[in-house]
Amino acid sequence: MTVEGLGAPPADPLEDAVLAARLFVSAPQVFKGLVLRGPGPSREALVAALAENIALRRLPGHVDDERLLGGINLAASLSAGRPIRQTGLIEEARGGALIAGMAERMDGAIAGRLGQALDEGTTALVLLDDASEPEEGPPQSLSERVAFIADLSASRRWQGVEMAPAAGHLADVAPLDDAALRALAATAEALGVESLRALIFAGETARALAALEGRDAAGKSDLSGAVRLVLAPRATRLPPQQQDAPPEEESPPPPPDSERDDQSDSEQQQQEPDLFEILVEAAKASIPADLLASLVQGKAPRRSSSSGTGQKRKAATRGKPLGARPGMPRGGAKLALIDSLRAAVPWQAVRKREAGASETSSILMRKEDLRIRRFEERAARVTIFAVDASGSAAAARLAEAKGAVELMLAQAYVTRSEVALVAFRGTTAELLLPPTRSLTRARRTLSQLPGGGGTPLALGLNAVREVAESVIARGRSAALVILTDGRANIAADGSPGRPQAAADAQAAAKAIAVQGIDALVVDISARPGPEGAALANALGGRFLALPRADARMIQKAINAVQPIGRAA
Amino acid sequence: MARFPFSAIVGQDDMKQALLIAAVDPSIGGVMVFGDRGTGKSTAARALASLLPPILAAEGCLYGCSKEDQARYPDVCGTGKMVKRAVPFVDMPLGATEDRVIGSLDLERALRSGEKAFEPGLLAKAHRGFLYIDEINLLEDHLVDLLLDVAASGENVVEREGLSVRHPAKFVLIGSGNPEEGELRPQLLDRFGLSLEVRTSKDIEVRIAIMKLVAENEADPEGFAARWADADAAILKRVAKGKARLSKLSAGDELLRDAANLCLAVGADGLRGELTLMRAARALAALEGAKSVTRKHLIAIAPSALRHRLRRDVLDETGSTVRITRAIDELFG
């Protein structure tokens, strides 16, 4: 099949990023912005080039609501004695774009505000994504609302970045015809891009590509460009194989995660083989490498949820009140009025004399008088389950373990705790469920949890320790519940052999004990041996043997020993 | 971006119907929309607000008081004359602080003139309109509690920072969220009148139609709005007629029994389910211009009214909707 070279990826990722930047600049209101992934000189060069074409306003990560939206500048108002307004960053950046560094760490509250501003068309965003893990990324609510996502991590170019101006105007380009719309929609479907926003962005991108070159209608190359720039980076599955597989959908069985509608796919293909195939080819050739890798394994990467639910403590706004301290009432911190007045009163005589005010005039306050309230909030707790899914833990018991985890989770969303799940079997340990309160997600993950194979206990323990450490690093407390029989037979390096495996497991358990993390070992095998108790001992934790328990009994037992619900 | 005409929204019939029902009878108590991003949730909610006819409210009143409100809350509203204003639509961001939502001490006036004045918050702004919260499942729990409490009682009572203020705050709460990212507590879900699950349409034709309409709207928002004005007006008329008809409709004993049986069968405990089911069936009948509320209306609205109230057995994989339709089949054949 000839695709006239349209599907070939450009030599360097920077080229596409520059193209995306040119498109964005040509119609910032339409495209709303772009995500630039991967720090490095290429990105810096591109941002510098962008700044020459559109006004960029830096958005620091610690920006607060007042600064973002504008409002009364309290400090200035107090010293002036009259209200002084300040404009917010969103307003200041109108007509240009806000640029946010380390967008993957952006606070959910800020993302919410920005998302709203994007919807209203009052701002455009350039998000610099420095995430190192494929799981991380800017808040989805924002990356969903901007047109382009470009990955520059693999770029090796940084010189000669120029953004040629567009030759024509978007408004002069004819609307896409039905065939083009249909091909785009079918391609989005094939790539598993469900959001309509992305599809709409793709349509506009095709037209804008034509406008860049001064043409008045979008052609095939424009459409494949749109697929490459907008749809491919958002792919959640690989398009079905056309050339290799016969046209009658004899395609390989779909991965368990996808819900492809083979029927409609084949219909679409018969209707417009040419354009659709060209677009799918273009998409395949330009799906980013790391995304491709995870798609090949049949799992869609799951970026961090839009605002990192519960990743932070808002000690400034709620919880048990502590004393007041000097500070500005911003970012959700509340003014302690009485304390502020108390701080101001002793100075009144002096200030009135200084200001030449009469004795009866109102109280003179200064910025340094302001006190804000402090609150103490107890850290939210994350219970991390490590489930032994090996053959020795008896596959039948696995169902009970799954059930117990679901029950704990159901309980977790009534309280404020979260649950994470690590499973280990064969030669791997995997974080199946990052800390979450979502029952839906947990259930899906659990239902796909396979059983069987050896018991790499050391690997499992190391994996939970890593999760626990990252939880603690975020200021929350972690508790481990390890469901296993403790009979390790795979060593930390993945090689079989009981003695080494047991020694490695001991070492891993000690490493957890050293951190002082709460641990509970639950042995749910039909005949509990001494290994489970030994493991609990090494962990410095407790041990429960529940040979005949069902899911509810396990949950009750765990609760009795470890009151998960009572945290926070 | 200009608001998209309500009638131009393709598909999402369930959501459109639920929103119209809430517009006919706001006492149903809010609509919760579950679904992925980019399914047109916020577009539909915004479109509805701009569709509705302007309301009469006291001039300059920060709370948008009606005549009756003026009489009930003489403290907060003067005797300003009534002028037309658009139905408020308040888009509440995730990061909103409690102060911003319920209102707070007007700092500026407090510090400058020592006056204890109340600065109304988003709840006041949303009075007689819609309060839309995207990703409500990520909102802090204490804020959700507060919102639902105000939504249920219809007034906002502020007793803090030395303030004691009571003002009307009747609004239709529209929440949306993706359950994959965290769920609402069951107690809170129960407070919503209707709930829906929306998905992006997989139908290529539908998707193409949407793309075309959006492109048309972008190219010429005014012309686009004008082309859909008649269709919007027709919907508006239906809502107005439905509102007028609502008080004349009542559900017979038989229907009440049906509702009770259905709630019992699906295990939706609590009176709220039954009540909402009846109200929603009535509002649907009113919206459709029916002469009486029938079992047909009850069945049509049951999934939306009950879906989120089922006691969840976490070990049962069956979806709530399936359980309801099954119960309907068993009960009513």
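Good morning. I begin with helix α20 (residues 498–515) of chain A and helix α21 (residues 530–539) of chain A, which pack at an angle of about 40 degrees with their axes 7 Å apart. Axes here are lines fitted to C-alpha atoms, for helices over the stretch in contact, and angles run from 0 to 180 degrees between N-to-C directions. α20(A) and α21(A) are therefore oblique to each other, since angles under 35 degrees count as roughly parallel, over 145 as roughly antiparallel, 65 to 115 as roughly perpendicular and the rest as oblique. From α20(A), the contact (C-beta atoms, placed from the backbone, within 7 Å) includes Ala505(A), Ala509(A) and Ile512(A); from α21(A), Leu535(A), Ala538(A) and Leu539(A) take part.

This is a predicted model, in which local features need pLDDT of at least 70, side-chain atom pairs count only at pLDDT 80 or more, and totals for chains, interfaces and linings use all residues. Residues are numbered from 1 along each chain as its sequence is written, while chains are lettered from A and ligands numbered from 1 in the order in which they are written.

Chain A as a whole has 22 helices and 15 strands, which are DSSP runs numbered from the N terminus (helices H or I, at least four residues; strands E, at least two). Of its 568 residues, 49% count as buried, meaning 20 or more other C-beta atoms within 10 Å of the residue's own, with C-beta atoms placed from the backbone.

Next, Glu277(A) lies in helix α13 (residues 273–286) of chain A. Why does Glu277(A) count as buried? Glu277(A) has 20 C-beta neighbours inside 10 Å. Glu277(A) and Thr187(A) are 90 residues apart in sequence, yet 8.5 Å apart in space, C-alpha to C-alpha.

How values were computed
A residue is buried if 20 or more other C-beta atoms lie within 10 Å of its own, exposed if 12 or fewer, and partly exposed in between; C-beta atoms are placed from the backbone. Two residues are in contact if their C-beta atoms, placed from the backbone, lie within 7 Å.
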